[in-house]
Amino acid sequence: MNKDKIFKLAKGFRGRAKNCIRVARERVEKALQYSYRDRRNKKRDMRGLWIQRINAGTRLHGVNYGNFMHGLIKENIQLNRKVLSELSMHEPYSFKALVDVSRSAFPGNKTVITPSEKKGLSMLV
Amino acid sequence: MAATALSFFTSPTTPKPTPPITTKTPIPRTNLTFFNSLSSPSPHKLTFSPLVTRSSTPEAPVIESEPAQIAKLGSEDALKGEGVFAVVVIGSRQYIVFPGRFITVQRLKGANVDDKIILNKVLLVGSKTTTYIGKPIVTNAAVHAVVEDQGLDPKVIVFKYKKKKGYRRNIGHRQPNTRIRITGITGYQNYPAVTLDS
């Protein structure tokens with residue numbers, strides 16, 4: 001890559017990494033290596049984030065993530081985690097319907113009632 | 001999920017004579033039944049009072065190159081189908097789609113601009129009062145869309161480097177994509193619904 005391109009990519013870097021071509025080239029190349037790697041890592045990171053969001057959504061209804069997904073698989077519902085997390089944020093009623101389907105598919109879900117337990121504890125304390 | 005995600009074909013009512021695109025896969029039989037269901041209930045809606053149930057009315061199409069039949073229906077029921085959304089599989093990726101909005105998906109090969117697409121792999125349909133959960137798909141449900149643009153994603157610099165080996169590659173890449181505008185969601189009404197109490 002020529003100098004102009006390097007400096008264009010080095011905008012916003014700190015110290016000499018934005019002014020001096022020797023340092024800037026080093027830092028830009030390293031940055032491009034990181035971005036190559038992180039385009040792959042992004043897929044893992046997002047999946048982890050979606051799982052956390054689904055877990056937060058299902059626990060409002062007293063089901064944990066693992067049991068929820070198990071119920072969905074039993075019912076052959078093939079929504080992926082990206083869609084499920086978006087539903088849990090923006091379509092709470094549809095998400096509740098999914099939780100209900102999952103709960104009836106996997107009766108083990110029925111015993112878990114976390115929100116009410118928490119409420120009871122706060123009452124006692 | 002099979003690789004046969006969608007089937008393109010120009011709609012029979014298009015005014016301009018676009019050549020029919022060769023479908024990669026044979027159109028499933030459900031399409032035929034679906035077309036009947038589209039043509040039969042739509043006059044119903046017009047003859048009934050305009051205050052039919054919200055969930056059953058398709059959204060007003062925004063694209064100006066719509067056939068007259070559907071456009072008339074849309075103007076009648078404009079903004080009635082609000083709140084309807086669907087989860088649809090396009091190219092083995094799942095998208096939440098709303099009528100009237102556009103989404104950018106992976107390049108649909110063989111589709112031309114202004115082609116009409118019918119997407120059959122609908123996993124879930126939600127309206128204000130009911131949710132239709134497909135196991136795994138909502139049978140007969142279809143999402144109608146229009147191809148707006150065959151474009152390219154922003155450029156990605158693919159820089160490969162191995163230290164001490166004298167190996168470096170600098171390649172630019174722009175992933176082809178397709179922008180489609182969702183015009184309506186139909187055909188899901190007969191599927192068993194999960195109705196919400198609240």
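Analyst: Helices (H or I, at least four residues) and strands (E, at least two residues) are DSSP runs, numbered from the N terminus. The model is predicted, so local features need pLDDT of at least 70 and side-chain atom pairs count only at pLDDT 80 or more, while totals for chains, interfaces and linings use all residues. Residues are numbered from 1 along each chain as its sequence is written, chains are lettered from A and ligands numbered from 1 in the order in which they are written, and side-chain values use heavy atoms, with hydrogens and water left out.

For background, chain A has six helices and zero strands, in the order α-α-α-α-α-α along the sequence. Of its 125 residues, 31% are buried; buried means under 20% relative accessible area, exposed over 50%, and partly exposed in between (1.4 Å probe, protein chains only).

The part to look at is in chain B: strand S6, residues 122-126. Five of its five residues are buried, so S6(B) is largely enclosed by the rest of the structure. Two strands pair if DSSP finds at least two bridges between them. One partner of S6(B) is strand S2 of chain B, residues 85-90, joined to it by four bridges and running antiparallel. In this pairing, Phe85(B) has Gly126(B) of S6(B) as its bridge partner.

S6(B) also pairs with strand S7 of chain B, residues 130-133, over three bridges, again in the antiparallel sense. Here Val125(B) stands opposite Tyr132(B) of S7(B).
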